[in-house]
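Biologist: I would like to go through the ligand site with you. Please show me the model, and I will ask how you know each thing.

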Amino acid sequence: MKLHEYAGAPNALRVNIFLEELGLTIEHVQVDIRAGENLTAKFKAKAPNGLIPYLELDDGTCISESVAICRYLESVSGIRDDSLFGSTPLEVARIEMWHRLVEFQVLVPALQAFRNISGIYTDRENINQEWGLESKQRYLDILPTLEQQLTTHFYIAGNKFSIADITLFCVVNFMRVLKIELTDDLPNLQQWFAKMSQRPSVIRAQSTD
Ligand SMILES: N[C@@H](CCC(=O)N[C@@H](CS)C(=O)NCC(=O)O)C(=O)O
């Protein structure tokens, strides 16, 4: 198996943390997305979304979308009996609920803010500064909801570490590129972020970036 990725990209990092949680080591292939290597027809034949990361299996089958990759890796690894997507019906539902909130209301605005404020991809999309600033505001506006959740829970989806924590960590970590830090009125999030930063899987995934 090979993971096609761009070290440092938040969606690649979440798969890499997931791999570390599973204790799996696989081959990594770097794709220079800044230079547009993902925009070619050859790349899109393997990853229809035109984005990294994607996983290439030994028989040539390709899986894109980081959550699909994580689900696949966890299923085939057979390593964990406590799934990072939840084990009991209620746990699965709670993790899915919080993970979708994190993906739609935190990750998407954060990435839109990054793309439209930095203007990094003028070679492939129209940049709208106003949309970038609005997206940044939406990112900031959802953080108190997570702060509130962490007043009564250790982790985002409850008292168990899950894929929702991995995704949120990758976003908050990435937002530092835009100099957007967790402010002091979000003490629970700050503590959660510090705890996540010390997690062995997170340290190892970042050191192999
Ligand atoms: N929903 C996708 C998002 C993947 C994504 O946004 N990848 C970014 C890097 S984090 C990318 O490939 N950007 C290159 C581009 O937009 O051209 C996933 O979860 O894998």
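Modeller: Keep in mind that this model is predicted. A nitrogen atom of the ligand has a backbone N or O atom of I52 at 2.8 Å.

Biologist: Which side chains have a polar atom 2.8 Å or 2.9 Å from a ligand oxygen atom?

Modeller: R124 places a polar side-chain atom 2.8 Å from an oxygen atom of the ligand. For N38, the distance from a side-chain N or O atom to a ligand oxygen is 2.9 Å. The protein covers 88% of the 520 Å² of accessible area that the ligand has on its own.

Biologist: How do you know where the ligand lies relative to domain 1 and domain 2?

Modeller: Look at the shell. Domain 1 (2–80) and domain 2 (89–199) both contribute residues to it, so the ligand lies between them. The ligand also sits in the largest pocket.

Biologist: What makes up the shell around the ligand?

Modeller: Seven nonpolar, three polar and four charged residues. Helix α1 (residues 10–22) gives the largest share, three residues. Of the 14 residues around the ligand, those that come nearest are I52, E65, S66, R115 and R124.

Biologist: What makes the phi of E65 worth a remark?

Modeller: Phi of E65 is near 75 degrees, a positive value in a residue other than glycine. Most residues other than glycine have a negative phi. E65 belongs to the loop between β4 (62–64) and α3 (66–77).

Definitions and conventions:
Residues numbered from 1 in each chain as written. Predicted model: local features only at pLDDT ≥ 70, side-chain atom pairs only at ≥ 80, totals over all residues. Heavy atoms only, no water. Near = heavy atom within 4 Å. Polar contact = N/O pair within 3.5 Å; in protein donor to acceptor, adjacent residues only side chain to side chain. Areas by Shrake-Rupley, 256 points an atom, 1.4 Å probe, with all protein chains shown as cover. 1 Å grid on protein atoms, 1.4 Å probe; cavity = no way out; pocket = protein on both sides within 12 Å on 5 of 7 lines; lining within 4 Å. Sits in = over half its atoms within 2 Å of the grid points. Helix = DSSP H or I, 4+ residues; strand = E, 2+ residues; numbered from the N terminus. Nonpolar A, V, L, I, M, F, W, Y, C, P; charged D, E, K, R; others polar. Domains from an automatic or database assignment.
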